[in-house]
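Visitor: I would like to learn how to read a protein structure step by step. Could you guide me through one?

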Amino acid sequence: MHRLTCRRVVVAGAAAAAGLAAFNPGKHLHAQTQTKPTGVSPAELAKHEKFMRLAIAQANKNPGRPFGSVLIDERSGQVVGEGVANLAASPLFHSEIQAMNAYIAKNGNKGWENLTMYGTGESCPMCASAIVWAGIPRMVYGSDTPFVGQYVPDIHIRVQAIVDASKDIYTSKLLLGGVLANETDKLFEAKGKAKK
Ligand SMILES: [Zn+2]
């Protein structure tokens with residue numbers, strides 16, 4: 001019993017000493033994104049993959065933080081907002097916020113119910129909450145938070161938890177993860193390797 005307690009203290013101390021290095025732990029608990037895009041038809045999945053490729057193109061503009069987003073208008077199938085993380089400019093400028101601001105600049109603060117947010121990574125709580133407040137009913141992402149958090153600083157609250165906590169103000173029509181995760185995982189993995 002005493003020995004076990006001591007070991008726990010040692011492990012906790014080592015983790016604390018590692019500090020921010022814990023984001024790049026070397027031993028990865030999640031070799032790949034575990035979230036799978038289930039419950040959609042092959043045709044729907046092909047559509048989601050098409051738009052995810054556009055989000056990947058955005059992410060490639062900032063390999064240091066490879067979050068890219070596009071907003072699609074479901075009525076036209078057109079891109080109505082796109083964004084890449086720009087934390088040098090503002091801590092608020094995650095790719096989803098950038099895409100929403102780009103949409104507002106052209107379309108105003110309306111019409112959110114027609115849109116779908118695509119992102120290379122699962123949204124953080126700030127962005128998921130912004131999407132909830134706006135009322136964008138559909139979210140599609142590639143890599144999930146347990147995977148992404150191994151390579152970039154992240155807040156480990158899943159989007160589903162935000163959606164579940166927002167039932168009074170938000171109705172989700174689609175929350176789909178793991179779309180093209182084999183490709184988006186590589187973006188975050190490359191970021192992790194570049195850091196070493
Ligand atoms: Zn975010």
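Guide: What follows is a conversation about this model, which is predicted, taken one feature at a time.

Visitor: How many helices and strands does the protein chain have, and in what order do they run?

Guide: The protein chain holds seven helices and five strands, and, read from the N terminus on, they follow one another as α-α-β-β-α-β-α-β-α-α-β-α.

Visitor: How should I read the strands, and in what order do they stand in the sheet?

Guide: The general idea is that strands of a sheet pair through backbone hydrogen bonds, in either a parallel or an antiparallel way. In this structure the five strands make an open sheet in the order β2-β1-β3-β4-β5, with mixed pairing. At its edges stand β2 and β5, residues 174-176, each with a single partner strand, so one side of each has no neighbour in the sheet. From one strand to the next, the twist averages 15 degrees.

Visitor: Which strands pair in the antiparallel sense, and which run parallel?

Guide: An antiparallel case is strand β1, residues 68-73, with strand β2, residues 78-84, which are paired over six bridges; within this pair, Gly-68 has Val-84 in β2 as its bridge partner. These two strands form a hairpin with four residues between them, and Gly-77 in the turn has a positive phi of about 75 degrees. A parallel case is strand β4, residues 138-143, which is joined to β5 by three bridges, and here Arg-138 stands opposite Leu-174 in β5.

Visitor: Now the helices: how do I read one, and which residues of α2 are buried?

Guide: An α-helix has 3.6 residues a turn, so residues three or four places apart point the same way. Begin with the length of helix α2, which covers residues 42-59: at 1.5 Å a residue its 18 residues should span 26 Å, and the end C-alpha atoms lie 25 Å apart, which agrees. The buried residues of α2 are His-48, Phe-51, Met-52, Ala-55, Ile-56, Gln-58 and Ala-59. They cover an arc of only 165 degrees around the axis, and therefore lie on the same side of α2, whereas Pro-42, Ala-43 and Ala-46, on the other side, are exposed.

Visitor: What does α2 pack on?

Guide: Helix α2 packs on the sheet, where it touches β1, β2, β3, β4 and β5, and its direction makes about 140 degrees with that of β1.

Visitor: Where is Leu-180 found, and is it buried or exposed?

Guide: Leu-180 is in the loop between β5 and α7, and it counts as buried because it has 24 C-beta neighbours inside 10 Å. Leu-180 also has a positive phi of about 55 degrees, although it is not a glycine.

Visitor: Which residues of helix α4 are buried, and what covers them?

Guide: In helix α4, residues 125-134, the buried residues are Cys-127, Ala-128, Ile-131, Val-132 and Ala-134. Seen down the axis they fall within an arc of 170 degrees, so they line one face of the helix. Their cover includes α3, β3, β4 and α6. Just after α4 comes Gly-135, with a positive phi of about 90 degrees.

Technical notes: Residues numbered from 1 in each chain as written. Predicted model: local features only at pLDDT ≥ 70, side-chain atom pairs only at ≥ 80, totals over all residues. Expected span 1.5 Å × (residues − 1). Buried ≥ 20, exposed ≤ 12 C-beta atoms within 10 Å, placed from the backbone. Arc of directions from axis to C-beta. Pairing = 2+ DSSP bridges. Axes fitted to C-alpha atoms, helices over the stretch in contact; angles between N-to-C directions. Contact = placed C-beta atoms within 7 Å.
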